[in-house]
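Please examine the packing inside the following model.

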Amino acid sequence: MTKHRLTIIGKGLVASAIAKQAATTYGSVTMVSRSKPLEMDQLPDHVSHVQGNALHPSPFSDVIRSADAVVSTVGVIKESKDEDGTFERLNRDAVLSVAREMVKTQPPNLDRRCLVYFSAANAPPGFLLDPRYINTKREAEEALLSNEFKDKLRVVIVRPGIIYSMTQRKFMLPIAVETMLVSALLRPFRHHLPDAMQFIADKPLADDIVSMAVLEAIKKPDVQGIIGVDEIQELSNLWRKRQ
């Protein structure tokens, strides 16, 4: 079986979970972030790290050029004081910079390469979370699905709800369990919920489920566009059956 190359932009919980899962099928997995991931020592040997800023991808263009697929997990739910730490810069501009670098470095021997962008299913109302959080993600989605990239990249937009882990950041587990119970009760009635409350009906997903879904989406050339919580679960199940 041919071993492919995967590039993951980001270093958080989701990025590490994808890197760990991808290491079983990819010959080379490279994580790109401004600082080394804390979990790096726990990842397989052929997962490497390259320092880089997604807003300025030219310095690591070789890593993008050599990748069969790229996953962007860059994003924030809270802005930093850094001028590049805004919702606009990290939730929108970062992935667009990476997408344009992918187009620029497209190998002649490959068809449209897959770019996976991590967005979000629904967001809490504005008094709980700045509306610019979800607005900038939706702006990124619109741009990625526009004519600029339509014939050049196969874009997969992942829209999960809360993502939790059984091995990392266990402080999220109680929140995930509570949300899981509430979402199970409300999902059958979500069409009666106002838009601002749709987020509580989104089923939380484990990081390994999300990572398997991403790899299955990359593998299947007919998967593109937006995949929501239900589709993430379905893709994850398909990946499990194949392994």
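Leaving aside neighbours within four places in sequence, which residues is Ile 18 in contact with? They are Leu 6, Ile 8, Val 71, Thr 73, Phe 118, Ser 211, Val 214 and Leu 215, where contact means heavy atoms within 4.5 Å. The model is predicted, so local features need pLDDT of at least 70 and side-chain atom pairs count only at pLDDT 80 or more, while totals for chains, interfaces and linings use all residues. Residues are numbered from 1 along each chain as its sequence is written, and side-chain values use heavy atoms, without hydrogens and water.

Ile 18 also belongs to the largest nonpolar core, which has 43 residues; together with Leu 6, Val 116, Phe 118 and Ile 218, Ile 18 touches the most other members. Such a core is a set of buried Ala, Val, Leu, Ile, Met, Phe, Trp, Tyr and Cys residues joined through side-chain atoms within 4.5 Å, buried meaning under 20% relative accessible area with a 1.4 Å probe, protein chains only. Helix H7 gives the most to this core, with 8 residues.

The axes of H7 (residues 207–219) and H8 (residues 229–242) come within 7 Å and cross at roughly 80°. H7 is therefore roughly perpendicular to H8, a term for angles of 65 to 115 degrees.

The whole structure holds 1 aromatic pair. Phe 87 and Tyr 133 form it edge-to-face, 6.3 Å centre to centre with 75° between the planes; ring centres must lie within 6.5 Å, and edge-to-face planes are over 60 degrees apart. Phe 87 is buried at 2% relative accessibility, and Tyr 133 is buried at 10%.

Key: Axes are lines fitted to C-alpha atoms, for helices over the stretch in contact, and angles run from 0 to 180 degrees between N-to-C directions. Helices (H or I, at least four residues) and strands (E, at least two) are DSSP runs, numbered from the N terminus. Angles under 35 degrees count as roughly parallel, over 145 as roughly antiparallel, 65 to 115 as roughly perpendicular and the rest as oblique. Rings of Phe, Tyr and Trp (its six-membered ring) pair if their centres lie within 6.5 Å; planes under 30 degrees apart count as stacked, over 60 as edge-to-face and the rest as tilted. Buried means under 20% relative accessible area, exposed over 50%, partly exposed in between (1.4 Å probe, protein chains only).
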